[in-house]
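Please look over the sequence and the model first, then go through the points by topic.

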Amino acid sequence: MPAPVIVARDLVKRYGEFAAVDGISFEVAPGESFGLLGPNGAGKSTTMRMVGAVSTRTSGELSILGLDPDAFGPEIRSQLGVVPQSDNLDTELRVRENLLVYGRYFGLSGKLVAKRADELLAFAQLEEKGKAKVDSLSGGMKRRLTIARALINDPSVLLLDEPTTGLDPQARHILWDRLFRLKEEGTTLLLTTHYMDEAEQLCDRLVVVDKGAIMAEGTPAELIRRYSSREVLEVRFGSDRNVEVAERLSGIGERAEVLPDRILIYSDNGEAELERITDAGLHPITSLVRRSSLEDVFLRLTGRSLIE
Amino acid sequence: MSEIASAGRGAPKGRLETPATHAASGTTARALAAARMPRRWGAWYVALHRFRVMKSYTGTVVVAGIGNPLIYLYALGVGLATIVDANAGDQDVGGVSYLVFVAPALLASAAITVSSEEFTYPIMLGYKWNPTFTGMSASPLRPTQIVDGVVISVSIRMLVNLVLFFLLIVIFGAAPSPAAFLMVFAGLLGGLAFGAVLMAYTSTLEDDAGQLAMVMRFIVLPMTLFSGTFFPLSTFPIWLQWIGWISPLWHGTELARVFSYGYAEPIWLTIVHVAYLVALIVVGWVWARRISVRRLGR
């Protein structure tokens, strides 16, 4: 087992009294794709900025590539690719220029940067856009350009903070495809997301984060097995009746969650539970049986939805 | 895509060929080698970036850099001068023609104008509106290098403007002293002294709720009027002269006059001009660097 690329132990970041990150510990192995899953404000971005050797930690241990970010910030950052939550491309420069300028920050020669810029524009499917203004790009294209920029130094670790937030489904799938290729090439990925499908697609292993602390850790499948049932039955009786009906549903399924708009019933056999409900004379307006997801894990752990 | 220019021959090859050697020890060595160039030259990389941005308005810089001096030198040094020289005689402006008197001041003002352009909105842009500084701070660059790079790029741009201005003054025949070329550096000192403090102040702004416009209106404009630019500071009542004494523009202007036509002032005062301007540059620069570390490292 090779030494981990990232080691965080009891990592804390305080802003005054408020602890944005409150004792997080995790390790990421080389080539692994590791996710931080949690709602907005959980401390994911702050964690990312500490791992990115930008934000200084208040306490705890942190080592990236075997180095302490307090002393070796530039060294660590030279090996990272960073895709921040909001794009910070230079809108006063053209698309390709953004890559050229950024590559120089790593002390790379102009010639090498120019060569990589062209390769990365192709990778990001932006060959035609090299001379375009940044502001003329769509949201998805800007994200891909930001990812291309993050790869200009051929990083060993790629940090992605909410990489697909705000993108339409098609743009997300293109992006996932690019990230998946990087993963196949052996790049270590650390990503935050509040989309469970994204976490399931891209993460080998993840931690569920809420209020600055880790609630659970494991592979997506493990977490689902541990904290949820195989299937989930979703029934809707109308927003005013859900709570009242829920009381009469006790004993059906392993567990139930009552949300404002629907009731979730956890069971290994959703269809069977639905039958028991109708047998009891209750007729939901709509019903749906689906497989458990990380969303259910999160709901179980925190009592709240991921996207609020 | 694996060779890093600065990594040297001894550094391990990239991950594409050998994903298994991706172990920390190899990448640690690679990291230590790869940061050498950015640690040394980072500020210059930022300056190169700024130049690339400035390139998009080179036209404006050159046209304004030649056009403004032309207009001011002609309007004040030739137009207004005919009235001033005819009525006041030579005594009131230190024994030289009004054109010679006003030219170094106009040059010093031009440096202040560059400062108020380059150390306000571009700084706000970098921290907030189009946070390129945040982007830079994710690279091996350190926050202080970002500040240094901005200062380097603006200094060079200012120098270009000042040299153009000086050449026009020479063409107007308004630089009698052989040491007149030194007024370029007087202008640079004055411009950077104001600019460094302005940059630090702008860096503290979380948002621009009109503060920068206020700076232009209530600091830059009065400073231009009350810094002995168009007439000697001594013509003001003593209770207004303090504005000149604290104004980097006044110190820059007086220094430029010393070089331009050997304006007679005690040598200690010349030393004070230089010392004051250098002190402002140091204070502003150090302050701006500290803010950058705090603001980008949150």
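Two residues are in contact if their C-beta atoms, placed from the backbone, lie within 7 Å. With that cut-off, B:Ala196 touches B:Leu280, B:Ile281, B:Gly284, B:Trp285 and B:Ala288, leaving out residues up to four places away in sequence. The model is predicted.

**Nonpolar cores**

- The largest nonpolar core has 152 residues, and those that touch the most other members are A:Leu159, B:Ala103, B:Leu107 and B:Ala196.
- In soluble globular proteins, nonpolar side chains tend to be buried together.

**Chain B as a whole**

- Chain B contains twelve helices and zero strands.
- The C-alpha trace of chain B spans about 85 × 35 × 35 Å along its principal axes.
- Of the 298 residues in chain B, 47% are buried.
- Among contacts in chain B with a separation of 6 or more, 77% come from residues 24 or more positions apart.

**Helices α4 and α11 of chain B**

- Helix α4 (residues 98–118) of chain B packs on helix α11 (residues 248–261) of chain B at an angle of about 135°, and the two axes are 8 Å apart.
- α4(B) and α11(B) are therefore oblique to each other.
- The crossing of α4(B) and α11(B) is right-handed.
- On the side of α4(B), the contact is made by B:Val100, B:Ala103, B:Pro104, B:Ala105, B:Leu107, B:Ala108, B:Ser109, B:Ala111 and B:Ile112.
- On the side of α11(B), the contact is made by B:Leu249, B:Gly252, B:Thr253, B:Ala256, B:Arg257, B:Ser260 and B:Tyr261.
- Sorted by class, the contact of α4(B) with α11(B) has eleven nonpolar, four polar and one charged residues.
- Two residues of α4(B) in this contact, B:Ala103 and B:Leu107, are also listed among the residues that touch the most other members of the largest nonpolar core.

**Where the two chains meet**

- The contact between the chains takes 42 residues from chain A and 45 residues from chain B.
- On chain A, α2 (69–77), α3 (95–104) and α4 (110–123) each supply at least two residues of the side that touches chain B.
- With five residues, α2(A) gives the most to that side of chain A.
- The residues on the side of chain A that touches chain B comprise 18 nonpolar, 14 polar and ten charged.

**Helix α3 of chain A and its two partners**

- α3(A) meets helix α2 (residues 36–55) of chain B, where the axes come within 9 Å and cross at roughly 160°.
- That angle makes α3(A) roughly antiparallel to α2(B).
- The crossing of α3(A) and α2(B) is right-handed.
- From α3(A), the residues A:Glu97, A:Val101 and A:Arg104 meet B:Tyr45, B:Leu48, B:His49 and B:Arg52 in α2(B).
- Three nonpolar, one polar and three charged residues form the contact of α3(A) with α2(B).
- α3(A) also packs with helix α5 (residues 139–150) of chain A, at an angle of about 25° and with the axes 9 Å apart.
- This angle makes α3(A) roughly parallel to α5(A).
- The crossing of α3(A) and α5(A) is right-handed.
- A:Val95, A:Asn98, A:Leu99 and A:Tyr102 of α3(A) make this contact with A:Leu145, A:Ala148 and A:Arg149 of α5(A).
- By class, the contact of α3(A) with α5(A) has five nonpolar, one polar and one charged residues.

**Helix α1 of chain A**

- Helix α1 (residues 44–51) of chain A is mostly covered, with seven of its eight residues buried.
- The buried residues of α1(A) are A:Lys44, A:Thr46, A:Thr47, A:Met48, A:Arg49, A:Met50 and A:Val51.

**A loop residue, A:Thr219**

- A:Thr219 lies in the loop between β9 (213–218) and α8 (220–227) of chain A.
- A:Thr219 counts as partly exposed because it has 13 C-beta neighbours inside 10 Å.
- Leaving aside neighbours within four places in sequence, A:Thr219 is in contact with A:Asp204 and A:Arg205.
- From C-alpha to C-alpha, A:Thr219 and A:Ala199 are 9.8 Å apart in space, and they are 20 residues apart in sequence.

Terms used:
Residues numbered from 1 in each chain as written. Chains lettered and ligands numbered in written order. Predicted model: local features only at pLDDT ≥ 70, side-chain atom pairs only at ≥ 80, totals over all residues. Helix = DSSP H or I, 4+ residues; strand = E, 2+ residues; numbered from the N terminus. Nonpolar A, V, L, I, M, F, W, Y, C, P; charged D, E, K, R; others polar. Buried ≥ 20, exposed ≤ 12 C-beta atoms within 10 Å, placed from the backbone. Axes fitted to C-alpha atoms, helices over the stretch in contact; angles between N-to-C directions. Parallel < 35°, antiparallel > 145°, perpendicular 65-115°, else oblique. Left-handed = near helix turned anticlockwise from the far one by under 90°. Core = buried A, V, L, I, M, F, W, Y, C linked by C-beta atoms within 7 Å.
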